[in-house]
Amino acid sequence: MNELKDIFRLRISDFDSYDNILPDCVLDLFQDVAGKHANLINIGFDDLKKDNKIWIVLKTRFTILKQPLEHTSVTIKTWPTKPSRIDSYRYYEMYNEQDELCLHGVSQWIVCDATTRRILKINDLFSNIEDYNNPPSYGKPFEKLVDFDCSKLTPNIIRTSYFDLDHNKHVNNTKYAKYIIEGVKELQDVEIKEFEINYLHELKKDEEIKVFSYQKDNVVYVKGCNGDITSFLAKVTL
């Protein structure tokens, strides 16, 4: 099974006060359908746990083409492309009830030892996929988001909590998007066209995150720091 389609019902809590879909909702839908597909091809959480392995997402990007609507059903399609030795790219598409493409996205994944976080080979995991779908036309490579000097910037402080954790006992990747919107007022109640995040260092419970940002034209650049460590970088296009 080289791809999966699943239907989800959007709730009012998936949108901001101007009826724009929230970035953490998009990432949550991506995560849900990716997890279901991984389970079907026997590389899901429980499958990897048997060998003390876990999936780690490194980068995610999505582009909104048309805003989906509250209380409607959307179809999410996902598929991985042929993996390299250490990483895998997974693509996503969201369609509304009129079968219009609302948004598309891509994420980069690796597999690590659950204890040491050492990166492991990945290409031998996908034995249940015989033929891979090709990358879509919008599947441009990830750009390396460049760190920026924040010595003259005033951060907003976000604190991680128990409710942000997933079954890997660290902050779930979807919560970073929530921190970004909470920490950057310029991103609140605006329509986002593209959202891209690089996950650099995992976050745990009860950690203090300093969220720095600056805007250039219609792009907002964001950095989250845990002490002296940069935890994530993001680029949000309005």
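Guide: A helix axis is a line fitted to C-alpha atoms over the stretch in contact, and angles run from 0 to 180 degrees between N-to-C directions. Helices are DSSP runs (H or I, at least four residues; strands are E, at least two), numbered from the N terminus. The model is predicted, with pLDDT of at least 70 needed for local features and 80 or more for side-chain atom pairs, while totals for chains, interfaces and linings use all residues. Residues are numbered from 1 along each chain as its sequence is written, and side-chain values use heavy atoms, without hydrogens and water.

Helix H1 spans residues 23–40 and helix H3 residues 173–183; their axes lie 8 Å apart at an angle of about 175°. H1 is therefore roughly antiparallel to H3, a term for angles over 145 degrees. On the H1 side, Pro23, Asp24, Leu27, Asp28 and Gln31 are in contact (heavy atoms within 4.5 Å) with Asn173, Thr174, Ala177, Lys178 and Ile181 of H3. By class, this contact of H1 with H3 holds 4 nonpolar, 3 polar and 3 charged residues. Asp, Glu, Lys and Arg count as charged; Ala, Val, Leu, Ile, Met, Phe, Trp, Tyr, Cys and Pro as nonpolar; the others, Gly among them, as polar.

H1 gives the most, with 6 residues. Of the 17 lining residues, Arg11, Asp14, Asp24, Cys25 and Asp28 lie nearest the centre of this pocket. The lining comprises 5 nonpolar, 4 polar and 8 charged residues. Here a pocket is an open set of points on a 1 Å grid over the protein atoms alone, where a 1.4 Å probe fits, with protein on both sides within 12 Å along at least five of seven lines; lining residues have an atom within 4 Å of a point.

Terms used: Angles under 35 degrees count as roughly parallel, over 145 as roughly antiparallel, 65 to 115 as roughly perpendicular and the rest as oblique.
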